[in-house]
Amino acid sequence: MAATVALFLILTVAGVIMLWPSGGARETPEDLRGLVGGSSQLVDATIERAGRGPCPDLTGAGASQGTCDQIDVVLDDASGSNARLHLDTLVDPTGPLLKAGDKVRLAPTTNIAGQATYYVADFQRSAPIGWIAFLTAAVVVAVARWRGLAALVGLALSYLVIVKFTLPSLLDGHSPVAVALTTGAALVIVLLYLAHGVSARTTAALLGTLASMALAGAFGALAIDLARITGLGSDEDVMLKAFAGQLSLPGLVLASVIIGSLGLINDMTITQAAAVWEVAGAAPHASLRHLYGSGMRVGRDHIASSVYTLVLAYAGAALPTLLLFTLADRSSTDLAATDLIGAEIVRTAAGTIGLVASVPLTTAIAALAAPRRRPPPSPKSPPTGTDTADTARGGYLDADTQPLNRHR
């Protein structure tokens, strides 16, 4: 197992070196900047007063320009008369309802008369999100202690790997499948040993995870090709095609399959390895067949719950889209045949294949690696002072080779 892990580690390091992003400055198109959240020069402000009324006539034509959000704001980083602004913005039916006291972020723009002004681009969320993350981390550490802390460190490392390696490498035009496989292998090798320690049990789970991840990727590639998934099912996909034409969108769907199913597969393999190890500890003389059978009985129950967990996770992520299709009165057959929902079905199917395959794979590896002892030789006749029935029931022997379940 150590040799196999070393081989995977060498291949992963080679993949990281070959696929490492160039690191050059990447120019952001202004059109794209506006579509994904406005200008990068955002200004923090607090709303003092908010209301709605007729828009001011900025053209001098004397005609109403519609209904505007009329708000007074105080800039957080300004002082004096420059700190207060009055903003008139056309009402956006899809926008949030603003009220006094809201912490917002303003983006620069120009009004009809060509004057520089601002509009409300978003809410300030840094502080509440920071407190939410802190509370979550505190609960994890309080319950799981050092293992919880190791898991949080692994979570931070995962974020850094995806932000610093995966996303820039994809934008450099590298193969999404190669980038996803390298990312997944790097994450599971580091995270499993970090969270669960270096041991034969963790290594068995690691090998099961890597094999299942590769199987999910292979099945996903076949399914994407058979279903003719284009990867152009959402507005975000169309934007990527327009602004990052070097990306393979079907490959990006397959990359999302590999990375998206990795966490649940990892959970399954850790559970299976732990179950086999517990059986081996409770019955040190158990045969290989007994260990495998016991582990599979645990795994089948776990599969039943994990499959619909995966389906519900994808359904929850696509819930707004499903609601739109429902409003459009599309049938279930038509809905499943769309590129967007078809991609989700492929993700679910490929993740399920990897998930289900991880149980027998990891159970077999763990059964082979778990410590076992040979059963003691059966005596031809029971020792003096013992009950033959007790011996037939298979009482375990102590250091003096006497049955522990003595005749009363």
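# Report on a predicted protein model

## Salt bridges

A salt bridge is counted where a side-chain nitrogen of Lys or Arg lies within 4 Å of a carboxyl oxygen of Asp or Glu. The structure described here is a predicted model, and by this rule it holds seven salt bridges. One of them joins Glu 344 to Arg 347, whose closest N and O atoms are 2.9 Å apart. Because these two residues stand three places apart in helix α11, about one helical turn separates them. In general, an α-helix has 3.6 residues a turn, so residues three or four places apart point the same way. Both partners fall under the 20% cut-off for buried residues, since Glu 344 has a relative accessible area of 17% and Arg 347 one of 15%.

Another salt bridge is made by the side chains of Glu 48 and Arg 84, with 3.0 Å from N to O. Glu 48 belongs to strand β1 and Arg 84 to strand β3 (residues 84-90), so this pair ties together parts that are 36 residues apart in sequence. Glu 48 is partly exposed at 42% relative accessible area, whereas Arg 84 counts as exposed at 52%. Asp 102 and Lys 99 also form a salt bridge, in which the closest N and O atoms are 3.4 Å apart; here Asp 102 is buried, with a relative accessible area of 11%, while Lys 99 is exposed, with 53%.

## The chain as a whole

The protein chain has twelve helices and five strands. Of its 408 residues, 32% are buried, and its accessible surface comes to about 23800 Å², with 63% of that area belonging to carbon and sulfur atoms. When contacts between residues at least 6 apart in sequence are considered, 64% of them join residues that are at least 24 apart.

## Strand pairing around β1

## Helix α8 and its cover

Helix α8 spans residues 288-317, and its 30 residues reach 42 Å from the first C-alpha to the last, which is close to the 44 Å expected at 1.5 Å a residue. Several of its residues are buried, among them Leu 291, Met 296, Ile 303, Leu 310 and Tyr 314. The buried set also includes Ser 294, Gly 295, Gly 299, His 302 and Ser 306. The cover over these buried residues includes helices α7 (249-282) and α11 (339-369), and α11 is also the helix that holds Glu 344 and Arg 347.

## A nonpolar patch on α3 and α4

A nonpolar surface patch of about 980 Å² is made by residues that include Val 141, Trp 146, Leu 149, Tyr 159, Leu 167, Val 190 and Leu 194. The elements giving two or more residues to this patch are α3 (126-171) and α4 (176-196), and α3 gives the most, with nine residues. Val 190, which has its place in helix α4, counts as partly exposed at 42% relative accessibility.

Helix α3 also holds Arg 147, which is partly exposed at 48% relative accessibility. Leaving aside neighbours within four places in sequence, Arg 147 is in contact with Ala 195, His 196 and Gly 197. From Arg 147 to His 196 the separation is 49 residues in sequence and 7.3 Å in space, taken from C-alpha to C-alpha.

## Two arginines with positive phi

Which phi value is found for Arg 145? The angle is near 55°, a positive value in a residue other than glycine. Arg 145 is found in helix α3 and is exposed, with a relative accessible area of 63%.

For Arg 228, phi is likewise near 55°, again a positive value in a residue other than glycine. Arg 228 is found in the loop between α5 (200-227) and α6 (235-243), where it counts as exposed at 68% relative accessibility.

Terms used:
Residues are numbered from 1 along each chain as its sequence is written. This is a predicted model: local features need pLDDT of at least 70, side-chain atom pairs count only at pLDDT 80 or more; totals for chains, interfaces and linings use all residues. Side-chain values use heavy atoms; hydrogens and water are left out. Patches are made of residues with over 30% relative accessible area and no salt bridge: like charges are joined within 9 Å, nonpolar side chains (Val, Leu, Ile, Met, Phe, Trp, Tyr) within 5 Å. Accessible areas come from the Shrake-Rupley method with a 1.4 Å probe; for residues, only the protein chains shown count as cover. Helices (H or I, at least four residues) and strands (E, at least two) are DSSP runs, numbered from the N terminus. Buried means under 20% relative accessible area, exposed over 50%, partly exposed in between (1.4 Å probe, protein chains only). Contact means heavy atoms within 4.5 Å. The expected span of a helix is 1.5 Å times one less than its number of residues.
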